[in-house]
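Hi,

Here is the structure I promised to pass on.

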Amino acid sequence: MLHTANKMTVIEISEPGGPEVLTPVQTTIPVPKAGEILVRVKAAGVNRPDVIQRQGHYPMPDDVTPIPGLEVAGTVSSIGEGVTGVKIGDRVCALTNGGGYGEYCIVPESQTLPVPDSMSMIAAAALPETLFTVWANLFKIGGATQGQSVLIHGGTSGIGTTALMLCREIGIEAYATAGSDDKCDVIAELGATPVNYRTVMTPT
């Protein structure tokens, strides 16, 4: 698709359905408002809400872009008023409010993380959704701190593995549930104590 000034390609959902309904179209590159940054997207994550939205079961609020994509990685293209934590050209990944399936995406500065040079953009694009979710729920709301013990259900999910790795690094003793021995082995490799809920004895 040919590019013109101030235009970008985004992926729209033409109608509810399978992957074939994802359609490239051109639209105007957005301008960041106060507290926002514009990311030149190099890679975007694919999350379950994206799939559900594509299928027509996850309608977006009126004030949110209908373009799917909840996490991206790329470089800072421009910044809005009051942004001080990043500068143009910085490598970042971000949890978006939608719009990640595009060449550019607006994100709040508070929802960005730096991407080290040693990490690929593809890997970085898979981080924000789980990292922000775990940090908000386990640490900010739950108050987990070094020396405590936590129980993580679904220890081999994206949320689960992220939580276990953060617990390991912070010094929190973690226990995690899973439904197979193979998954329990993964949990053990992440430094936690696995609990196979299919084989553990329960009171009768």
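**What I found**

The chain's secondary structure amounts to five helices and 10 strands; helices (H or I, at least four residues) and strands (E, at least two) are DSSP runs, numbered from the N terminus. Please keep in mind that this is a predicted model, in which local features need pLDDT of at least 70 and side-chain atom pairs count only at pLDDT 80 or more, while totals for chains, interfaces and linings use all residues. Residues are numbered from 1 along each chain as its sequence is written, and side-chain values use heavy atoms, with hydrogens and water left out.

**Overall**

Along the principal axes, the C-alpha atoms fill a box of roughly 65 × 40 × 30 Å. Of the 204 residues, 38% count as buried (under 20% relative accessible area; exposed is over 50% and partly exposed is in between, with a 1.4 Å probe and protein chains only). Among contacts with a separation of 6 or more, 58% are between residues 24 or more positions apart, where contact means heavy atoms within 4.5 Å.

**From β8 to β10**

β8 (149–152) and β9 (residues 173–178) pair in the parallel sense over four bridges; two strands pair if DSSP finds at least two bridges between them. Isoleucine 152 has alanine 176 in β9 as its bridge partner. Val150 and Ile152 form the covered face of β8, whereas Ser149 and Leu151 form the uncovered one.

β9 is also joined to β10 (residues 193–196) by four bridges, and these two strands run parallel. Here alanine 178 stands opposite asparagine 196.

**Helix α3**

Helix α3 (residues 128–141) bends by about 25° at tryptophan 135, the bend being the angle between axes fitted to the seven residues ending there and the seven starting there. Its buried residues are Pro128, Thr130, Val134, Leu138 and Phe139. Their cover includes β4 (71–79), β5 (91–95), α2 (121–124), β8 and α4 (158–170). Just after α3, glycine 143 has a positive phi of about 70°.

**Two individual residues**

Methionine 60 is in the loop between α1 (48–54) and β4. Why does methionine 60 count as partly exposed? Because its relative accessibility is 24%. Leaving aside residues up to four places away in sequence, methionine 60 touches Gln53, Thr65 and Pro66. Glycine 98 is 38 residues from methionine 60 in sequence, with 8.9 Å between their C-alpha atoms.

Threonine 199 lies in the segment after β10 and counts as exposed because its relative accessibility is 53%. From threonine 199 to aspartate 185 it is 14 residues in sequence and 14 Å in space, C-alpha to C-alpha.

**Ring interactions**

The charged end of arginine 40 sits over the ring of tyrosine 104, 5.2 Å from its centre. The criterion is NZ of Lys or CZ of Arg within 6 Å of the ring centre and within 35 degrees of the ring normal. The structure also holds one aromatic pair: rings of Phe, Tyr and Trp (its six-membered ring) pair if their centres lie within 6.5 Å, with planes under 30 degrees apart counted as stacked, over 60 as edge-to-face and the rest as tilted.

Best wishes
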